[in-house]
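This report describes a single protein chain for someone who has not seen it before. The sequence and the structure come first, and the text then goes through selected parts.

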Amino acid sequence: MGIGSVFALLAVMAIWGLNFSVIKLGLEGVPALLLSSLRFLFAALPAVFFVPRPKCHWKWVVAFGVASGIFQFSFLFFGIDIGMSAGLASVVLQAHVFFTLILGAILLKERMGAFAIGGTALAAIGLVLIGSIQNTDTNVAAVALVILAALSWAVANIITRKAAPVNMFSFIVWSSLVPILPLFALSTAIDGWTAIEASIAGADMTSALSVLYLAYATTVLGYGIWSAEIGRHGVSLVVPFTLSVPIFGILGSHLIFGEELGPIEITAVALILTGLFITIMGPRLFRPARATPAPTPKP
């Protein structure tokens with residue numbers, strides 16, 4: 001992998017890590033479900049007019065749009081809205097990796113190796129620690145919502161495996177059409193039309209830039225580069241870069257909001273990131289070496 005690809009992938013990880021702080025900034029002026037609806041509206045348009053349709057059955061596109069677009073981001077936005085710090089949210093959401101392994105074992109009969117089991121156990125302890133924290137940075141309800149977001153992401157991952165789209169970027173863009181109207185309808189029902197009108201009329205530059213960042217930087221640009229690099233180098237080389245997303249998430253949360261991590265938070269984050277590292281990198285670092293065949297004796 002060349003230095004250009006390394007920098008491109010690190011830039012995407014930084015974009016995805018800062019995404020959590022941008023969500024928090026956007027929620028200061030826009031209701032959670034409306035913000036999510038606008039994110040998918042701009043992510044889908046005008047891209048769908050230029051990106052070819054994904055080469056898979058439409059049921060998978062719709063299913064992914066529901067699991068990821070409606071459930072994952074609704075839970076995540078609500079979790080951050082009611083008190084989850086942006087930094088901790090970026091860490092807790094990584095539980096999707098462990099949920100994906102568990103669902104894969106149950107639904108797809110995929111085998112969980114020793115590294116996956118050990119990493120999942122460590123991460124579970126970290127999640128319990130974060131759930132026990134009661135301060136201005138988080139609370140049990142907020143943690144539960146972000147964990148549900150991670151579970152929804154895991155379901156979306158299983159759907160992606162079943163769909164096996166050739167072009168993941170087109171799959172993301174076209175599936176973004178699915179949650180727009182349902183999220184807007186839910187926002188109207190929950191927040192009320194008056195609140196929606198007020199948030200749109202009173203939208204400031206922060207709200208507008210937040211929506212554009214979530215749609216174009218996080219989704220269109222981020223997944224565009226991500227898909228291209230996977231096409232060039234394969235999943236095994238590209239996926240480990242996602243380990244840096246929570247690092248950028250915590251750093252962004254600290255720089256933008258001044259959020260600090262106490263001893264319990266640091267311990268929990270260390271456990272989750274260690275579990276994530278063991279799960280993703282363990283099989284690669286400790287893959288049994290192939291036996292070298294004995295040289296053939298010369299006559």
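Which residues of helix 13 are buried? They are Val245, Pro246, Gly249, Gly252 and Ser253. Buried means under 20% relative accessible area, exposed means over 50%, and partly exposed lies in between, with a 1.4 Å probe and protein chains only. Helices (H or I, at least four residues) are DSSP runs, numbered from the N terminus.

The model is predicted: local features need pLDDT of at least 70, side-chain atom pairs count only at pLDDT 80 or more, and totals for chains, interfaces and linings use all residues. Residues are numbered from 1 along each chain as its sequence is written, and side-chain values use heavy atoms, with hydrogens and water left out.

**Helix 13**

Helix 13 has 13 residues, and from its first C-alpha to its last it reaches 18 Å, close to the 18 Å expected at 1.5 Å a residue. The expected span is 1.5 Å times one less than the number of residues. The buried residues of helix 13 are Val245, Pro246, Gly249, Gly252 and Ser253. They lie on the same side of helix 13 because they cover an arc of only 125° around the axis. The arc is that of the directions from the helix axis to the C-beta atoms. An α-helix has 3.6 residues a turn, so residues three or four places apart point the same way.

The exposed residues Ile247 and Leu255 are on the face of helix 13 turned away from its buried side. Helix 1, helix 4 (86-92) and helix 14 are among the elements that cover the buried residues of helix 13. Just after helix 13, glycine 258 takes a positive phi of about 70°.

**The nonpolar core**

A nonpolar core is a set of buried Ala, Val, Leu, Ile, Met, Phe, Trp, Tyr and Cys residues joined through side-chain atoms within 4.5 Å. The largest one has 71 residues, of which Phe20, Leu76, Phe77, Met84 and Ile130 touch the most other members. Helix 1 (residues 3-27) gives the largest share of this core, nine residues.

Contact means heavy atoms within 4.5 Å. Leaving aside neighbours within four places in sequence, phenylalanine 20 is in contact with Leu76, Ile80, Ala86, Ala89, Ser90, Leu93 and Val245. Val245 is also one of the buried residues of helix 13.

**Salt bridges**

Side chains of opposite charge can pair when their charged atoms come close. A salt bridge is a side-chain nitrogen of Lys or Arg within 4 Å of a carboxyl oxygen of Asp or Glu. The structure holds two salt bridges.

| Salt bridge | Closest N and O atoms |
|---|---|
| glutamate 259 and lysine 24 | 2.6 Å |
| glutamate 110 and arginine 161 | 2.5 Å |

Glutamate 259 pairs with lysine 24. This pair links distant parts of the chain, 235 residues apart: glutamate 259 is in the loop between helix 13 (245-257) and helix 14 (263-285), and lysine 24 is in helix 1. Glutamate 259 is buried at a relative accessible area of 12%, whereas lysine 24 is partly exposed at 24%.

Glutamate 110 pairs with arginine 161. Here the partners are 51 residues apart, with glutamate 110 in the loop between helix 5 (96-107) and helix 6 (114-131) and arginine 161 in helix 7 (residues 140-163). Glutamate 110 counts as partly exposed, at 34% relative accessibility, and arginine 161 also counts as partly exposed, at 39%.

**Other residues**

Lysine 109 is in the loop between helix 5 and helix 6. Although it is not a glycine, lysine 109 has a positive phi of about 60°, and at 69% relative accessibility it counts as exposed.

Glutamate 229 is in helix 11 (residues 205-233) and is buried, with a relative accessible area of 5%. Its side chain makes a polar contact of 2.9 Å with that of serine 5. A polar contact is a pair of N or O atoms within 3.5 Å; within protein, one must be able to donate a hydrogen and the other to accept it, and residues adjacent in sequence count only if both atoms are side-chain atoms.

Leucine 276 lies in helix 14 and counts as buried at 1% relative accessibility. Not counting residues up to four places away in sequence, leucine 276 touches Gln94, Val97, Phe98 and Leu243.

The peptide bond from leucine 45 to proline 46 is cis, with omega near 5°. Proline 46 is in the loop between helix 2 (32-44) and helix 3 (58-81).

Definitions and conventions
Helices (H or I, at least four residues) and strands (E, at least two) are DSSP runs, numbered from the N terminus.
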